[in-house]
Amino acid sequence: MKNIYFVAVLVVAFSFTACTHEAVRFDLANACVGENDGKYVTTSGYLDPSVSIFCSNIGGGPVRCGLDLIAKKGDKRVMGADIQKGSSADEIEELPSGYKDSDVKIHDNSGAILNLADKVTITGKLSVVLGSTCFMTVDKIEK
């Protein structure tokens with residue numbers, strides 16, 4: 001009987017370790033290349049609501065809101081960052097109609113609200129469409 005419990009504990013422990021992702025770190029300028037499409041990556045920059053934030057659940061799944069990720073303030077978009085809508089860790093709160101930058105509330109991995117002036121490190125699955133767009137489905141946001 002003890003052997004059955006031991007085997008069950010091993011199976012559960014292995015299941016948890018098999019589900020963890022090891023992110024590949026890239027400099028933001030070098031992340032959006034074709035061979036990185038579909039990879040689980042991490043990179044750093046500034047989240048910028050600049051022109052607008054579009055939230056949707058196109059294709060099903062949770063509602064995600066897209067922001068730009070830029071290398072430094074005033075730069076153009078390098079990649080998109082699609083962040084799940086909500087009020088918990090690694091999420092963006094629902095925006096009011098006609099929002100201002102001060103209305104944008106993004107929670108980091110500890111649940112704290114970020115200042116848009118903070119440089120962040122984001123981790124998630126990268127999607128690259130060469131000559132068109134590059135965006136990350138964000139799982140983790142660190143300050």
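Colleague: What share of the contacts in the protein with a separation of 6 or more comes from residues 24 or more positions apart?
Modeller: 45% of them. Contact means heavy atoms within 4.5 Å. This is a predicted model, where local features need pLDDT of at least 70 and side-chain atom pairs count only at pLDDT 80 or more, while totals for chains, interfaces and linings use all residues. Residues are numbered from 1 along each chain as its sequence is written, and side-chain values use heavy atoms, with hydrogens and water left out.

Colleague: How many helices and strands does the protein have?
Modeller: Two helices and seven strands. From the N terminus on, they run α-β-α-β-β-β-β-β-β. Both kinds are DSSP runs, numbered from the N terminus: helices are H or I with at least four residues, strands are E with at least two.

Colleague: And the core? Which residues have the most contacts inside the largest one?
Modeller: L47 and I106, in a nonpolar core of 26 residues. Such a core is a set of buried Ala, Val, Leu, Ile, Met, Phe, Trp, Tyr and Cys residues joined through side-chain atoms within 4.5 Å. Buried means under 20% relative accessible area, with a 1.4 Å probe and protein chains only.

Colleague: Which elements each supply at least two residues of this core?
Modeller: Helix 2 (28-31) does, and among the strands so do strand 2 (40-48) and strand 6 (120-129).

Colleague: What does L47 touch, beyond four places away in sequence?
Modeller: Its contacts include L67, D68, I83, I106 and V120.

Colleague: Where is D68 found?
Modeller: In strand 4. The side chains of D68 and R77 are joined by a polar contact of 3.5 Å. That term means a pair of N or O atoms within 3.5 Å; within protein, one must be able to donate a hydrogen and the other to accept it, and residues adjacent in sequence count only if both atoms are side-chain atoms.

Colleague: New topic. How much space lies in the largest cavity?
Modeller: About 30 Å³. A volume is the space filled by probe spheres set on grid points, joined across faces, edges and corners. A cavity is a set of points on a 1 Å grid over the protein atoms alone where a 1.4 Å probe fits but cannot get out, and lining residues have an atom within 4 Å of a point.

Colleague: Which residues line the largest cavity?
Modeller: L47 and I106 are among them, along with N115 and D118.

Methods
Buried < 20%, exposed > 50% of the residue type's maximum accessible area, 1.4 Å probe, protein only. 1 Å grid on protein atoms, 1.4 Å probe; cavity = no way out; pocket = protein on both sides within 12 Å on 5 of 7 lines; lining within 4 Å.
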